[in-house]
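Dear colleague,

I am handing over the structure below, and after it you will find an account of what turned up when I went through it. Please read the notes with the structure open beside them.

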Amino acid sequence: MNRFAGKSVIVTGGSKGIGAGCVRVFAAEGAHIGILDLDAAAGQTLADELNASGPGTVAVRKCDVSQPEDLKRAIDDFAAEFGRLDCLINNAGIHPPALSIEETSLELLDQVLRINFVSTFAGAKFAVPHLRKTQGTIINVSSMTAVLGQENSSAYAASKGAQLSLTKALALELGRDGIRVNAVLPSNVDTPLMREWAATLPDPESALKRVADLQVFGRMASPEEIGKVCLFLATDDSSFVTGQGIEVEGGSSLDY
Ligand SMILES: NC(=O)c1ccc[n+]([C@@H]2O[C@H](COP(=O)([O-])OP(=O)(O)OC[C@H]3O[C@@H](n4cnc5c(N)ncnc54)[C@H](O)[C@@H]3O)[C@@H](O)[C@H]2O)c1
């Protein structure tokens, strides 16, 4: 408890899904948390619940991470409000429906890269001046698709691979400043994004069961299980870990 007391973290896409799982885990550790999300109303509902229970505090700001000016202003404002920034979790992302490369327009590719990858690059760029002062950390929520691929998801997988490569290059660049940069690569997590994807298929329940069975535990991860790995990467418990893609995949890539 209270491993992040007096410290602050910004979570992009923190209103729902994995981001909300991160917010819950860091709130339980006493953090000051800034949520940046398109869906500010859902973020505010989460913030109201967690501010009532403590020990952490949660503030919400509507922000489209694919708009660099919005993102810079929001990061600078939260850092000023909290008086410091100890961690940025670049989590906001989208997964378009399954499409072959011929069906994927270049406009869609551009949109996926801007939301999933350019926002990660820009968020890191804008957070670095604040993180230098605290020797803080950057955590990029990538995906196992970065290393395994995913059929009919070339734009998405490429955006997640770009996040992983950026993680390694930035870890080299920022190590001497005491800033650590890592990525988390989930396999399948039970989130609104996952359920929205299943809803596009003829039999959503059997699709969700099929996805759950990919993990050796026969279930998906909870958002909080990903949040706990992010907490590990944000604290001194991982002080010698940088530039890594931590595969939080429930054994799903074993026994091929
Ligand atoms: N769910 C999974 O199984 C899974 C697996 C691997 C990786 N991931 C990655 O985890 C991250 C979160 O996924 P999730 O499943 O929690 O998704 P989700 O759709 O359940 O939640 C995403 C959150 O991000 C917000 N968001 C989306 N676009 C935004 C934008 N342009 N600006 C600001 N906020 C925006 C949404 O409003 C939402 O609150 C994504 O980067 C995704 O690629 C998810």
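**Aromatic pairs**

Phe117 and Phe121 both belong to helix H4 (residues 106–134), where they stand four residues apart, about one turn of the helix. Please keep in mind throughout that this is a predicted model. The ring centres of Phe117 and Phe121 lie 6.5 Å apart and their planes meet at 70 degrees, and because an angle over 60 degrees counts as edge-to-face, the pair is placed in that class. Phe121 itself is partly exposed, its relative accessible area being 44%.

A search of the whole structure finds three aromatic pairs. Another of them joins Phe4 and Phe26, whose ring centres are 5.0 Å apart and whose planes are at 85 degrees, so this pair too is edge-to-face. This pair links distant parts of the chain, since Phe4 is in the segment before strand S1 (8–12) while Phe26 is in helix H1 (residues 17–28), 22 residues apart. Are Phe4 and Phe26 buried or exposed? Phe4 has a relative accessibility of 0% and therefore counts as buried, and Phe26, also at 0%, counts as buried as well.

**A glycine in a loop**

Gly56 is found in the loop between helix H2 (40–53) and strand S3 (57–62). With a relative accessible area of 4%, Gly56 is buried, because that value falls under the 20% cut-off. Which residues does Gly56 touch, leaving aside those up to four places away in sequence? The contacts are with Ala27, Gly30, Ala31, Leu50 and Asn51. As for Gly13, it is 43 residues from Gly56 in sequence, and the two are 18 Å apart in space, taken from C-alpha to C-alpha.

**A nonpolar patch on the surface**

Turning to the surface, Val216, Phe217 and Leu254 form a nonpolar patch there, and together they have about 350 Å² of accessible area. Leu254, one of these residues, has its place in the segment after strand S7 (245–248). The relative accessible area of Leu254 is 57%, and because a value over 50% counts as exposed, Leu254 is described in that way.

Notes: Residues are numbered from 1 along each chain as its sequence is written. This is a predicted model: local features need pLDDT of at least 70, side-chain atom pairs count only at pLDDT 80 or more; totals for chains, interfaces and linings use all residues. Side-chain values use heavy atoms; hydrogens and water are left out. Patches are made of residues with over 30% relative accessible area and no salt bridge: like charges are joined within 9 Å, nonpolar side chains (Val, Leu, Ile, Met, Phe, Trp, Tyr) within 5 Å. Accessible areas come from the Shrake-Rupley method with a 1.4 Å probe; for residues, only the protein chains shown count as cover. A salt bridge is a side-chain nitrogen of Lys or Arg within 4 Å of a carboxyl oxygen of Asp or Glu. Helices (H or I, at least four residues) and strands (E, at least two) are DSSP runs, numbered from the N terminus. Buried means under 20% relative accessible area, exposed over 50%, partly exposed in between (1.4 Å probe, protein chains only). Rings of Phe, Tyr and Trp (its six-membered ring) pair if their centres lie within 6.5 Å; planes under 30 degrees apart count as stacked, over 60 as edge-to-face and the rest as tilted. Contact means heavy atoms within 4.5 Å.
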